[in-house]
Amino acid sequence: MKDGAAELPTRLAATTKLLFVTSEMGDFIKAGGLGEVSTALPRQLRALCDVRVLLPGFRQVRAARPNMDIVREMPRTASLPPWSLGRFSTADGLTIYAVLCDELYDREGSPYGPFAGGDFSDNDIRFARLSLAAAEIAAGEADPNWKPDVIHVNDWPSALAPGYLRWKGLSTPSILTIHNLAYQGLYQPSRMSALGIPDLAFSVNGAEFHGKVSFLKSGIYYSSHVTTVSETYAREITTPEHGCGLDGLLKTRMEEGRLTGIVNGIDDSWTSPAGALKTAAQRVRQWKRQSATDIRKTFELPPSRGPLFSIISRLVHQKGIDLSIEAAETIVANGGQLVVTGRGEPRLEDAIERLARQHPQAVAARIGFDDAEARRIFAASDFLLMPSRFEPCGLSQMYAQRFGALPIAYRTGGLVDTIEDGQSGFLFSSLTGAGLASAVTRALDAFRSKAAFRQMREHAMAKRFDWSRPTHRYADVYAQALSA
């Protein structure tokens, strides 16, 4: 990964100690975009400060580093079991702390639940343990030789940490990044004692949310600063439509200057093998054509000179899969083909498979996900369907552009901030099948105009989505919190 973090100035002192707390990291285990961010951002921040990552000691982490150092054994708190602080370094020198507690983390499944679906029944304990571990490290209790100046927590699984800091009487600044406001970590108030949350916190000015304990609300209320993963999404979550009941508090944070939108980056491995910035357009066209031929063979679609569309997504309602299924009729009627890969809600998986059976010469689907195959599909595609109902940031639209696949997306969240309508992709404003079909029609028209399509593709592939600017914006947020 290219280290571009030192290219821009920052107010953050190089001696600043930062603890980055996450429930997933692509090096070991991930469920979504947070895992990608947790892989890239701390590595970029190493050029600016002393950063260490804290994550649960999942089975995958233990398997990757079976002989990590044990810094200290820590006692039980309330119903949160005792734990040990493990420490090791990645091959490129990033220091990782692991919360070692096998009764909580040594399980088959994703970070949050069994592979078959659903959540682990004790997720409140599992992620309160992670959050409190962060506060115990901040207090100097878990590692006597390293104490962070600021902690950066991510989404609801670590969002209790700013509360624990406050309840322990610590003044360590904390940053909460919201990657998806829809997931809040809601539990019954009867769980407060088990989690070590004081009674005084069950208040509108605290962790209470409509009669329940909200991990995320706690993080928003107690943290020094809140960030989210695009500028548009930061504005959207201050409205009733997108605020998930937290819009009032988030609007207050924005008015205070304590809510910031920072668009995620992607790493340099998402530069196309065609070397688009250094080679002739002819080579790019040849590479795209060969990639499309290979994917058509893989998915058993017949050869075609028509456009190739793709869906590379979790197959869930949020992603607008039902709208894509409606728009598929427009694609097929105009000589296009569609390749789908992903997994998710059974009803949408069934609907996608039914669509493929109805159009065996034009639609192919694979229920499941493989990262290498996804990259091949990005490389093969002319267009990516991404009509998400909401999208805090989104990464697929950035991957697609770097690989010369023009995204077709609903005008929301990070999609607005990363797609230039009519230049690097197509945005639509009516969240209906007809709205998406209209954008697909615009894409088909562009495809038929070879010069215009080539110009759009080249513009998309030349765009930069690296981590340099986001890294410096995060560093400035840390500096702001420290100065306050």
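**Figure 1. Glu300 in the loop between α10 and β13.** In this predicted model, Glu300 sits in the loop that lies between α10 and β13 (308-312). Its phi is positive, near 60°, although Glu300 is a residue other than glycine. Most residues other than glycine have a negative phi. Glu300 has a relative accessible area of 68%, over the 50% cut-off, and is therefore exposed.

**Figure 2. Asp155 in the loop between β6 and α5.** Asp155 belongs to the loop between β6 (150-154) and α5 (161-167). Asp155 is not a glycine, yet its phi is positive, about 60°. Is Asp155 buried or exposed? With a relative accessible area of 11%, Asp155 is buried, because buried means under 20%.

**Figure 3. Glu373 and its contacts.** Glu373 is part of helix α13, which covers residues 371-380. Its relative accessibility is 11%, so Glu373 counts as buried. Which residues does Glu373 contact, leaving aside its neighbours within four places in sequence? They are Thr298, Phe299, Thr341 and Arg366.

**Figure 4. Leu323 of helix α11.** Helix α11 (residues 321-333) holds Leu323. This leucine is buried, and its relative accessible area is 4%. Not counting residues up to four places away in sequence, Leu323 touches Pro387, Arg389, Leu431, Thr432, Gly433 and Leu436. The C-alpha atoms of Leu323 and Ser388 are 9.2 Å apart in space, while the two residues are 65 residues apart in sequence.

**Figure 5. The second largest pocket.** The space in the second largest pocket comes to about 700 Å³. Its lining is made of 23 residues. Those nearest the centre of the pocket are Arg289, Arg305, Asp382, Phe447 and Arg457. Which element supplies the largest share of the lining of the second largest pocket? Helix α10 does, with 9 residues. By class, the lining of the second largest pocket holds 12 charged, 8 nonpolar and 3 polar residues.

**Figure 6. The second largest cavity.** Rolling a probe the size of a water molecule over the atoms shows where empty space is left. In this model, 3 cavities of 30 Å³ or more are counted. Helix α1 (residues 33-45) gives the most to the lining of the second largest cavity, namely 4 residues. The lining of this cavity has 8 nonpolar residues, 2 polar and 2 charged.

Figure 7. Helix α4 runs over residues 123-138. At 1.5 Å a residue, its 16 residues should span 22 Å, and the C-alpha atoms at its ends are 23 Å apart, which agrees. How many of the 16 residues of α4 are buried? The count is 16 of the 16, so α4 is largely enclosed by the rest of the structure. Gly140 follows α4 and has a positive phi, near 80°.

**Figure 8. Helix α18 and the elements around it.** Helix α18 covers residues 468-483. The 16 residues of α18 should span 22 Å at 1.5 Å a residue, which agrees with the 23 Å between its end C-alpha atoms. The buried residues of α18 are Ser468, Pro470, Thr471, His472, Tyr474, Ala475, Val477, Tyr478, Ala479 and Ala481. What do these buried residues of α18 pack against? The elements are the strands β1 (17-21), β6, β7 (174-178), β11 (225-228) and β12 (259-261), together with helix α1.

**Figure 9. Where the two domains meet.** The domain assignment of the chain gives domain 1 as 17-265 + 468-483 and domain 2 as 273-463. The C-alpha centres of domain 1 and domain 2 are 33 Å apart. Contact between the domains involves 16 residues of domain 1 and 15 residues of domain 2.

Methods
Residues numbered from 1 in each chain as written. Predicted model: local features only at pLDDT ≥ 70, side-chain atom pairs only at ≥ 80, totals over all residues. Heavy atoms only, no water. Helix = DSSP H or I, 4+ residues; strand = E, 2+ residues; numbered from the N terminus. Expected span 1.5 Å × (residues − 1). Buried < 20%, exposed > 50% of the residue type's maximum accessible area, 1.4 Å probe, protein only. 1 Å grid on protein atoms, 1.4 Å probe; cavity = no way out; pocket = protein on both sides within 12 Å on 5 of 7 lines; lining within 4 Å. Points joined across faces, edges and corners; volume = space filled by probe spheres on them. Nonpolar A, V, L, I, M, F, W, Y, C, P; charged D, E, K, R; others polar. Domains from an automatic or database assignment. Contact = heavy atoms within 4.5 Å.
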